[in-house]
Amino acid sequence: MNNRAIAVSLLLLSFTIPLFAQKKTVKDAIDVKVEALLAKMTLDEKIGQLNQYTSDRDATGPISKGSNKLEEIKQGKLGSMLNVRGAKDTRFIQDAAMQSRLKIPMLFGLDVIHGYRVTFPIPLAEAASWDLEAIELGSRIAGREAAAAGVHWTFAPMVDIARDPRWGRVMEGAGEDPYLGSLIAAARVKGFQGNGLGNLDAIMACAKHFAAYGAAVAGRDYNTVDMSDRMLWEVYLPPFKAALDAGAATFMNSFNELNGIPATANSYLQRDILKGKWGFKGFVVSDWGSIREMIAHGYSKDNAEAARQALTAGSDMDMEGRAYISSLAKLVADKKVPLALVDDAVKRVLRKKFELGLFDDPYRFSNAEREEKELNSPKNRKAARDVAAKSIVLLKNTNQLLPLSKNVGAIAVIGPLAKSNTDMKGFWSVQWDNDQLVSLYDGLVNKLGGESKLIYSKGCGIKDTTRSGFAEAVAAAKKADVTIVAVGEAFDMSGEAKSRADIHLPGIQEDLVKALVATGKPVVVLVMAGRPLIFNWTADNASSILYTWWLGSEAGNAMADVLFGDYNPAGKLPITFPRSEGQIPIYYASKSTGRPSTSDKDIVYRSAYIDSPNSPRFAFGFGLSYTTFSYTDLKLSKTQVKNNETFTASFTLTNTGKYAGEEVAQLYLQDRFASVTRPVKELKAFEKVMLKAGESKTVTFTIDKEKLSFYNAQMKWDTEPGEFKLMIGTASDKILLESKFELL
Ligand code: GLC
């Protein structure tokens, strides 16, 4: 390096050291303040900081009554509340906290899962965009709106990997894959926390539910989880580590037991892994009542034992369990819980309150003017519309019926979800009274400048079984040039405590689709749901199908943008769609087995069903476009790779159709032979590429040691020499380029 370069780098270094040191100094300064405050606190005041109640306004779980919350706040017995929102209400509660002896500010948490005032698509829908910037933007806007409404902390992102669509909370996460799920987890944390705690538009993120909640047996919420350490580390933990590496300020544990020990009292999870190996410095909040619920689990004989087990295992704050407030003081007095553990938990909580700037100004987030200005702004709604359009997945377009021309004649708009505003918000939307939700019908009216071309007929209900509306709906379809039918789930048919044993299109909605298709007129089917649904007849017989999930405030406008080609859909499924519940759990990164079935017909003495194809209805990573793409000229920079070497795989992606569009090209690898069997393929990279009609681009993936590593027979994260298969495709079941290389 020449002298000039040395001089420049020294000069740069002279700037960075103070910055780094400054950040460290701030941390030290806060630690000093935390210690000083802790020294003044009584044991009761310390325990108060570990106690969290809900407001009675928007409870998100079973409320336990029997306390005067305002009085407890004034006595310093309540350090945090959830489900309090708005500048006015948060200011009111904060006033009570300022009357406590030490004036320790209250911390306000809320489930800002996919938007605060402007509702974004449900997280599973956003995951279908495979657009990390869009996903981060959605969380950024949600964080900004929530912070403007007095909220300090969101209980998001939910990063639970889910491979069972019977589980209702699949809507809340990023699907089945740890690689995609980890990138999305990090994007959401960065979105919520913005430029860092202390900024007025930043709120604390909370990675949840730690851990493996999505693996509930039979897809039944809160049910048992039992899995190998390898499955835990390879599939369910990576998104949590990604969230932590992205700076997640808090974690939330989960309701489930893991291998016999409830997560809430699981020191392997919370102490060994999270606070030990991973060095987490934030705090862990229990899920709603999960400490108290360890009695029901058959793990704790009473609240006092549950409190001891939970705190000892690293659960710092008790959400709505009333276990800590009722038992910890005596447990410490009886030397059953070391005071040092209580102090550690309290310091973790206080540190976050200092980082948020609440000791400088407890009311800094509760500002009515900022709330008025920030919430539901046109800019925020425009962003929600863009993210929603990107979340839509085109599953079928056989006769290129889509995109529709604006000169199309009459359009029949049919189905129980066609005019629904409420269902567009999906589960876990904050402003349950959110009035400005654009329905599909509204979106069509906006797009076409009026409803003169539209013929509406509901056809049937979501869950009812009466066909009395069919005749009118069929008549509307016969009168129209094209029919758009909107079917699916009501907003509260997926979500917490919403497991479904039958995940077909509910009610007789598929019969309605059949009746409309039978008219012989062109039919576009929109499926709106919080999870993968089963609709085999529709999938086989309808010519165009869009999976629109629940798209939030701007749902109808986004759907209209896609229907009329103002946005060319590019969504890809983040989760496998089964043909039947009998196939569940079904996911792409499966093992070969000793008798792999190579096709739906290959079933004799094969790992296959005799009464169903083995393949899913729609595969992970699948999604069409109004245009087409070709994948050619795969080149590997090396076919023999030393252990620490990186190499590249590049290919030419061409837009071979007539519309500009985006394609998510996916890279999968298989370690062919290893000390433990490896999945037949694992997603290791992807790139979302915009191409004009006829345009080509060279796409290059870099493969490093991390992408070749796995937990070997000794559970050590490492590589092993041998052959790898390299696959590039437009979906996990549509591999278009294949090669192999050897790791030396
Ligand atoms: C609920 C959920 C959790 C949520 C919490 C507060 O039961 O499991 O995800 O953040 O309680 O509403």
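Tutor: Let's begin at Pro 585, which sits in the loop between α20 (555–563) and β17. Helices (H or I, at least four residues) and strands (E, at least two) are DSSP runs, numbered from the N terminus. Residues are numbered from 1 along each chain as its sequence is written, and side-chain values use heavy atoms, without hydrogens or water. The model is predicted, so local features need pLDDT of at least 70 and side-chain atom pairs count only at pLDDT 80 or more, while totals for chains, interfaces and linings use all residues.

Student: What makes the peptide bond from Ile 584 to Pro 585 cis?

Tutor: Its omega is near 5°. Most peptide bonds are trans.

Student: Why does Ala 185 count as buried?

Tutor: Buried means under 20% relative accessible area, exposed over 50%, and partly exposed in between (1.4 Å probe, protein chains only). Ala 185 has 1% relative accessibility, so it is buried. Its place is in helix α7 (residues 178–193).

Student: Which residues does Ala 185 touch?

Tutor: Leaving out residues up to four places away in sequence, Ala 185 touches Pro 157, Val 159, Pro 239 and Ala 243; contact means heavy atoms within 4.5 Å. Met 158 is 27 residues from Ala 185 in sequence, with 7.9 Å between their C-alpha atoms.

Student: How do you know whether Lys 335 is buried or exposed?

Tutor: Lys 335 has a relative accessible area of 75%, so it is exposed. It also has a positive phi of about 55° although it is not a glycine, and it is found in the loop between α12 and α13.

Student: And what makes Ala 497 partly exposed?

Tutor: Its relative accessibility is 47%, so Ala 497 falls in the partly exposed class. Ala 497, not a glycine either, has a positive phi of about 60° and lies in the loop between β14 and α18. Most residues other than glycine have a negative phi.

Student: Which residues of helix α12 (residues 324–333) are buried?

Tutor: In α12 the buried residues are Tyr 324, Ser 327, Leu 328, Leu 331 and Val 332. They are on the same side of α12 because they cover an arc of only 130° around the axis, the arc being that of the directions from the helix axis to the C-beta atoms. On the other side of α12, Lys 330 and Ala 333 are exposed.

Student: What do the buried residues of α12 pack against?

Tutor: They pack against α2 (43–48), α11 (303–312), β10 and α13 (339–355). Strand β10 also belongs to an open sheet of five strands with parallel pairing, in the order β4-β3-β2-β1-β10.

Student: Why are β4 (153–154) and β10 (318–319) called edge strands?

Tutor: Two strands pair if DSSP finds at least two bridges between them. Each of β4 and β10 pairs on one side only. Strand β1 (residues 51–54) is joined to β10 by two bridges in the parallel sense; Asn 51 has Asp 318 as its bridge partner in β10.

Student: What is the order of the open sheet of six strands?

Tutor: The order is β11-β16-β15-β14-β12-β13, with mixed pairing. β11 (393–397) and β13 (454–457) each have a single partner strand, so one side of each is left without a neighbour in the sheet. Between β11 and strand β16 (residues 544–547), four bridges form an antiparallel pair, with Asn 397 standing opposite Ser 544.

Student: What makes strand β19 (residues 647–655) mostly covered?

Tutor: Eight of its nine residues are buried. Strand β17 (residues 629–636) runs antiparallel to β19, joined by six bridges. Strand β22 (residues 696–703) is also antiparallel to β19, with eight bridges; Phe 651 stands opposite Val 699 in β22.

Student: At what angle do helix α17 (residues 470–479) and helix α18 (residues 509–517) pack, and which residues make the contact?

Tutor: The angle is about 35°, with the axes 9 Å apart. Phe 470, Ala 473, Val 474 and Ala 477 of α17 meet Asp 511, Leu 512, Ala 515 and Leu 516 of α18. Axes are lines fitted to C-alpha atoms, for helices over the stretch in contact, and angles run from 0 to 180 degrees between N-to-C directions.
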